[in-house]
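Colleague: I have the model open and would like to go through some of its local features with you. Could we begin with a loop?

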Amino acid sequence: MDKSHIRNFSIIAHIDHGKSTLADRMLEITGVIDKRNSHDQMLDDMDLERERGITIKASTVRLPYTGKDGKEYIFNLIDTPGHVDFTYEVSKSLAACEGAILVVDAGQGIEAQTVANYYLAMENNLAVIPLINKIDLNTVDIPRTKNQIISVLGYKDEEILLASAKEGIGIKEIFEEVIRVIPAPPGVIGNPLKALIFDCRFDPYRGVVVFVRVVDGKIDSGSQIIMMHSGKIYKLEEIGVFNLKYSKVDVLTCGEVGYFIANIRDPREIIIGDTITDIKNPCAAPLPGYRTLKPLVFCGIYPVNPGDFTNLREAMDKLKLSDASFQFEPENSQSFGSGFRCGFLGLLHMEIVQERLEREYDLNLILTVPNVVYRVKKKDGEVIDIDTPAKFPASDIAESFEPYVSLLTIIPVESIEAVCEFVKSRRGTFHSTEYLGIDRVKLVFNIPLSEIIVDFYDRIKSLTKGYGSLDYEFKDYVQTQLVKLDIMLNGVVCDAFSTLICKEKVYHKAHALVKKLKELIPRQLYEISIQATVGSQILASEKVRPMGKNVTSRCSGGDITRKRKLWENQKKGRKRLKQVGKIEIPQEAFLEVLKL
């Protein structure tokens, strides 16, 4: 294939701006699918993606197109997620492209992730085509959206395309602009092989399917390759390209995007961002790869059945193959036994991983309360990172720090006061403001990460009547006063509910936790005492009354001492049960505590 006729590009946008619908129309117009066999979100192959209406995994497809100049072109399209928790998926995809189509909803205008994805594309030196989508709607204000793109992103009026992905309007104009604006991939076919691994999938019958972008040289089927970071050598069994399904080919040349299968059974052998080269004629140096992404949110994941621990490990290994931002390591809990301490990019990322593990691998799981990574400086000068409350030292603490993020929100002007008050209540501080036209404003705050990981986005949506959007990036660690809040059930610490929290908010959190647990823990045959403690100090306490059991129901009459004896025996039995009985905590209790 002549690489001057190849275009590699991604579709990037804020969530719900029409990326997947645009990809669907492109598939139809290029003849990859016909209308009879098409359905919405063709590239979203997970049930979870279709149910939630969001893209979770970046998807790749090869599109043939005949341009107005009569030449045959090959477009390698990568459809990307829009949610802030899946930014890593976007950055991986952009590294395999020379350009991107930036989609903006004609009704919503520029949103927080629009700006974030634009700058991500600029960091990768990509040619970006701005596109206003959904122009078929009656409620849109196209001149306002154009002015936002011109003022915020610096484009000229004539550079902005108009389209309706739903109705198929303007799709061919987009293709022609892709040919004109996005450059052909660089590279020399005669150079030694150099290819970037940008994604993977696990096939239970064929092992690991590795997705690559060939930067230099070519890949022939049957040749031997070496992975430059891991040093592992493999013999290729199959190479191919993506035509919705895997399509086998004999050779992949520089500039092309494809896959290879090499009988790789262990998912841990693959490193996303690794460089592959030919064992006989290797390249001089590997590609830069991807920067290592640090998780922002941590929680424990445990199997309900301890016998599923091995299955859970295997499932996590396979899941990590297609989601390099997901990290985990083994840990033990007094309450749940063996499990894993897992790192995520956000709470939605955590929910998706949990659902995928339960659905795709048929596991029944318990998740602990999520927390962020704190930093503690001991009196002897040692600095340690705390990603679980169990690691928090009880004493010998000189200073403690928590992660802060720079929070970017784009909201309607009339919501400024409500949003600022809400962010202030979450310990955020105002940084800057910028008006985007007459009805939208960009506000930037500095705020603790722990304050935004649970329900912050939902509250912003509520305060702005659905029109607010946000994006955030890690800023720095800031000094704070940290305490460890424990929940005790009948005098025994339940480490699943332990959490690290800022001292000024600990009383409110303690009372809320205890009150909620009283509602959720079912009554037992004995009394349950629920206490929230910091060290030896009890901050809040509640009791769950025992179930009533009438032990004197068979006593139709007689001396009262007989009944008293039965009541006394019942009291002793309950006391003994309280000492040895195991309190059953329903899964809903853990899920509800996440929302507090």
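Modeller: Let us start with N490, which is placed in the loop between β27 (482-489) and β28 (492-493), where strands are DSSP runs of E of at least two residues and helices are runs of H or I of at least four, numbered from the N terminus. N490 has a positive phi of about 55° although it is not a glycine. Please keep in mind that this is a predicted model, in which local features need pLDDT of at least 70, side-chain atom pairs count only at pLDDT 80 or more, and totals for chains, interfaces and linings use all residues. Residues are numbered from 1 along each chain as its sequence is written, and side-chain values use heavy atoms, with hydrogens and water left out.

Colleague: And N263, what is its phi, and where is it found?

Modeller: Phi of N263 is near 55°, a positive value in a residue other than glycine, and N263 is found in the loop between β15 (257-261) and β16 (275-278).

Colleague: Is N263 exposed or partly exposed?

Modeller: N263 is partly exposed, with a relative accessible area of 41%; buried means under 20%, exposed over 50%, and partly exposed in between, using a 1.4 Å probe and protein chains only.

Colleague: Changing topic, how many aromatic pairs are there?

Modeller: The structure holds 19 aromatic pairs, counted when ring centres of Phe, Tyr or Trp (its six-membered ring) lie within 6.5 Å, with planes under 30 degrees apart called stacked, over 60 edge-to-face and the rest tilted. One of them is the edge-to-face pair of F9 and F75, at 5.8 Å centre to centre and 75° between the planes.

Colleague: Which parts does the pair of F9 and F75 tie together?

Modeller: F9 lies in strand β1 (residues 6-13) and F75 in strand β3 (residues 72-79), so the pair ties together parts that are 66 residues apart in sequence. F9 is buried, with a relative accessible area of 0%, and F75 also counts as buried at 0%.

Colleague: What about F242 and Y259, how are their rings arranged?

Modeller: The ring centres of F242 and Y259 are 5.9 Å apart and the planes are at 50°, so the pair is tilted. Both residues are buried, and ring pairs link F198, F211, F242, Y246 and Y259 into a cluster.

Colleague: Finally, what does the chain average in pLDDT?

Modeller: The chain averages a pLDDT of 81, and 86% of the residues score at least 70, pLDDT being the predictor's confidence in each residue, from 0 to 100.
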